[in-house]
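Here are some notes for a reader who is meeting this structure for the first time. Please keep the sequence and the 3D view open while working through the points.

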Amino acid sequence: MRILLFLLTNIAVLVVASIVLSVLGVERYISSSGLNLTSLLIFCAVFGFTGSIISLLLSKKMAKWGSKAQVIEQPRNHKEQWLLTTVQELANDAGIKMPEVAVFPAHEANAFATGWNKNDALVAVSSGMLDRYPPDEIRAVMAHEIGHVANGDMVTLTLIQGVVNTFVMFFARIAGYAVDQFLRKDDEGEGSVGWGYYIATMIFEILFGILASMIVMWFSRYREFRADEAGARLAGKGAMIAALARIQSEHEVSHMPDTMVAFGIRRGRKSSFGELFSSHPPINDRIAALQKL
């Protein structure tokens with residue numbers, strides 16, 4: 001099912017992007033006179049944003065399938081009833097519509113939030129956290145996730161990813177075209193490119209993509225601090241600090257799908273270089289920031 005969803009998503013991206021380009025009347029961005037930068041920028045923006053937006057619109061469905069999360073329709077026990085009541089209270093305090101609440105099977109303590117807007121969101125907690133953690137710490141974690149939703153982090157991250165995708169594609173193609181022109185022979189036809197263009201563009205997309213991911217991950221780390229602040233405001237600073245400290249002490253590896261890691265509660269990587277590509281700051285830094293509030 002995941003493979004089918006992946007294929008359908010990519011097909012949808014291609015179809016939607018092709019339709020948008022046709023409607024906009026975007027012509028070929030490589031002509032006999034060289035690169036048409038306007039057409040190239042529109043081409044890259046359409047493809048750069050289409051994938052991010054479709055992923056955002058499908059995020060709840062993908063999260064449920066990827067994590068095997070079960071939405072609580074009718075509480076089966078007092079813990080699920082308490083969880084629903086707690087999330088409702090937090091959502092009311094944050095000024096957002098009640099999100100869907102789910103539990104996903106995992107022993108490690110974790111939680112995530114997703115959804116295409118703050119009034120149509122999903123928050124989920126692992127069964128291990130729900131079973132082991134005290135109520136005040138679970139409430140703090142749920143407040144952290146509600147903070148992500150109320151802050152509009154999913155939409156903002158999607159827009160940032162779309163901008164990053166656009167400029168990675170744009171500059172990679174400019175660089176690839178420059179390399180191709182340097183390697184081309186005088187007798188080759190005008191307005192065409194050779195294999196050098198495609199190979200160079202692919203290489204530059206990888207290089208620029210790595211650099212651009214640092215920008216996306218920086219924002220991801222920044223909005224973790226903001227979600228922690230929201231959690232402290234909604235559920236109490238002491239409870240938020242205690243929950244983070246308990247998560248850190250367990251030192252368990254998350255098994256959430258990669259698409260949901262950015263909105264999970266877990267820590268980032270440990271090495272200083274690895275932190276540049278981590279969606280989460282170290283928990284010690286998050287606790288220190290909360291202690292200063």
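Is E145 buried or exposed?

1. The answer is that E145 is buried, with a relative accessible area of 0%, where buried means under 20% relative accessible area, exposed means over 50%, and partly exposed lies in between (1.4 Å probe, protein chains only). The residue is found in helix α6, which covers residues 135–150; helices (H or I, at least four residues) and strands (E, at least two) are DSSP runs, numbered from the N terminus. An unreviewed UniProt entry lists E145 for "active site", and such annotations, given in the numbering used here and with shortened feature names, may be inferred rather than shown by experiment.

2. A word on the basis of these notes: this is a predicted model, in which local features need pLDDT of at least 70 and side-chain atom pairs count only at pLDDT 80 or more, while totals for chains, interfaces and linings use all residues. Residues are numbered from 1 along each chain as its sequence is written, and side-chain values use heavy atoms, with hydrogens and water left out.

3. Strand β5 (residues 111–115) has five of its five residues buried, so it is largely enclosed by the rest of the structure. From β5, A111, A113 and G115 point one way, whereas F112 and T114 point the other way, and all are buried. Strand β5 runs antiparallel to strand β6 (residues 121–126), to which it is joined by five bridges; two strands are said to pair if DSSP finds at least two bridges between them.

4. Side chains of opposite charge can pair when their charged atoms come close. A search of the whole structure finds 12 salt bridges, each being a side-chain nitrogen of Lys or Arg within 4 Å of a carboxyl oxygen of Asp or Glu. K60, K64, E100 and D120 are linked in a network of salt bridges.

5. Which helices hold the two partners of the salt bridge between D131 and K79? The closest N and O atoms of this pair are 3.6 Å apart, and the bridge links distant parts of the chain, since D131 lies in helix α5 (residues 127–132) and K79 in helix α4 (residues 78–94), 52 residues apart. D131 is exposed, with a relative accessible area of 52%, whereas K79 counts as partly exposed at 29%.

6. Helices α7 and α8 deserve a careful look together. The side chains of R226 and D153 meet in a salt bridge at 3.5 Å, N to O; R226 lies in helix α8 and D153 in helix α7 (residues 153–183), so the pair ties together parts that are 73 residues apart in sequence. R226 is partly exposed at 28%, but D153 counts as buried at 1%. R173 and E205 also meet in a salt bridge, at 2.5 Å from N to O, with R173 in helix α7 and E205 in helix α8, 32 residues apart. Here R173 counts as buried at 13% and E205 as partly exposed at 26%.

7. A200 has its place in helix α8 (residues 195–235) and counts as buried at 9% relative accessibility. Leaving aside residues up to four places away in sequence, A200 touches G176 and V179, contact meaning heavy atoms within 4.5 Å. The C-alpha atoms of A200 and D180 are separated by 7.7 Å, although these residues stand 20 residues apart along the chain.
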